[in-house]
Amino acid sequence: MSPADTAAATTAAPSASTSPDDRATTFQAVKGEPEHYSGETLLVSAYAVLWVIVLAWVALAWRKQAGLSTRLDDLERVLDDAARKQKPGQ
Amino acid sequence: MSSPRSRSRKLQSRAFYALAAVTAATFVFEIFFIFLKAPVEVRMGIVQKIFYFHVPSAYAMYLGATACLVGSITYLTRPSDWSDAVALAGAEAACVFGFIVLTTGPLWGAKAWGTFWTWDPRLTTELLSVLIYVSYLVLRAFAGDGDGERRFAAALGVLGAANLPIIHFSVQKWGGQHPMVITGRGGGLQHPDMKLALSLGFLAFTLLAVLLVWSRARLEMVRSRLRRAEEDAIDLGLDTRAEA
């Protein structure tokens, strides 16, 4: 249990403490101890990030393909117009 | 009767879908194996399982960078739409897998080192490499699509690949905190299921890298063909711009 947890536990049980000296009077930061992270959370985050990045790339490729489709539509339209203009005179 | 070109396209499509199916099956099996079969590491616990896709991602980044190098050298010696498309697709793959390496690594580091990032030689050179490929893509996106821009980008593609051996050997030459489990003086994976999980990871990511580079290069080829068709239309006096 960390000092902060101990302090919280001490203040949360007033009936067990009768003297003011028993109660927490300061809150102190943890020194020199690395932060703790849940391995499960980190693993799931890493796996999620992997697929998010790959899917973002697929979405980007899809967007580029949509842009090409628009340009292709324009080109087809222009070619159709040119063919229609050519037809009456032949 | 279909033309040889149409037959070739049909064959390519079948090969692509077959590869996609094999890749998906490999990933399903790999996920099953990593999470349900491979044992938990004794000191780091479950977070060590990041290793099974962090290392293959780095390897897939090397594959993308190699594709970019081959495409770039080919473009510099014999310019073609095909070689340029392969170089661009390889650079994008290197970027994507590089981002995966740079996010999964720090998540592992948070548990193992107590910090998300440190300026370790391997981490720093990896970041530098990803930034080179990002600059390649920025150049391609904003500097136009002429031969000069393509040549300049090809030179950048060669430079990006030159950094790969530096990443690989940095951990041996300059030390640092990065683990050396499967290379150099590393002790290796101590359980057969751990070795199999990593091997499956390498296979799955190799297939994914090939699939993504192939599909992206194909898209780029279509774009080049469309650009040429548009230029031909303009030469014939046709305006291809969309009407407002």
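Author: Leaving aside neighbours within four places in sequence, B:R216 is in contact with A:W57, A:K64, B:L88, B:A89 and B:E92, where contact means heavy atoms within 4.5 Å. This is a predicted model, in which local features need pLDDT of at least 70 and side-chain atom pairs count only at pLDDT 80 or more, while totals for chains, interfaces and linings use all residues. Residues are numbered from 1 along each chain as its sequence is written, chains are lettered from A and ligands numbered from 1 in the order in which they are written, and side-chain values use heavy atoms, leaving out hydrogens and water.

Reader: Is B:R216 buried or exposed, and by what value?

Author: B:R216 has a relative accessibility of 3%. Buried means under 20% relative accessible area, exposed over 50% and partly exposed in between, with a 1.4 Å probe and protein chains only. B:R216 is therefore called buried. The residue is found in helix α7 of chain B.

Reader: What makes a part of chain B a helix, and how many helices are there?

Author: Helices (H or I, at least four residues) and strands (E, at least two) are DSSP runs, numbered from the N terminus. Chain B has seven helices and zero strands, so its pattern along the sequence is written α-α-α-α-α-α-α. Of its 244 residues, 46% count as buried. Among contacts in chain B between residues at least 6 apart in sequence, 75% join residues at least 24 apart.

Reader: What makes a space a pocket, and which residues lie nearest the centre of the largest pocket?

Author: On a 1 Å grid over the protein atoms alone, a pocket is an open set of points where a 1.4 Å probe fits, with protein on both sides within 12 Å along at least five of seven lines; lining residues have an atom within 4 Å of a point. The lining of the largest pocket has 36 residues, and B:W214, B:S215, B:R216, B:R218 and B:L219 lie nearest the centre. Two or more residues each come from α2 (39-89) of chain A and from α1 (4-37), α3 (81-112) and α7 (192-235) of chain B. The most, 14 residues, come from α7(B). The space in this pocket is about 1200 Å³, a volume being the space filled by probe spheres set on grid points joined across faces, edges and corners.

Reader: How many residues of this lining are nonpolar, polar and charged?

Author: The lining has 26 nonpolar, six polar and four charged residues. Ala, Val, Leu, Ile, Met, Phe, Trp, Tyr, Cys and Pro count as nonpolar, Asp, Glu, Lys and Arg as charged, and the others, Gly among them, as polar.

Reader: What makes a group of residues a nonpolar core, and which residues have the most contacts inside the largest one?

Author: A nonpolar core is a set of buried Ala, Val, Leu, Ile, Met, Phe, Trp, Tyr and Cys residues joined through side-chain atoms within 4.5 Å. The largest has 61 residues, with the most contacts inside it made by B:Y52, B:F53, B:F97, B:Y133 and B:Y136. Helix α3(B) gives the most to this core, 16 residues. A second, separate core has seven residues, including A:L68, B:L219, B:L226 and B:L238.

Reader: Which of B:V130, B:V70 and B:V28 are buried, partly exposed or exposed?

Author: B:V130, in helix α4 of chain B, has a relative accessible area of 2% and is therefore buried. Apart from neighbours within four places in sequence, B:V130 is in contact with B:M61, B:C95, B:G98, B:F99 and B:L102. B:V70, in helix α2 of chain B, has 45% and is therefore partly exposed. B:V28, in helix α1 of chain B, has 58% and is therefore exposed.
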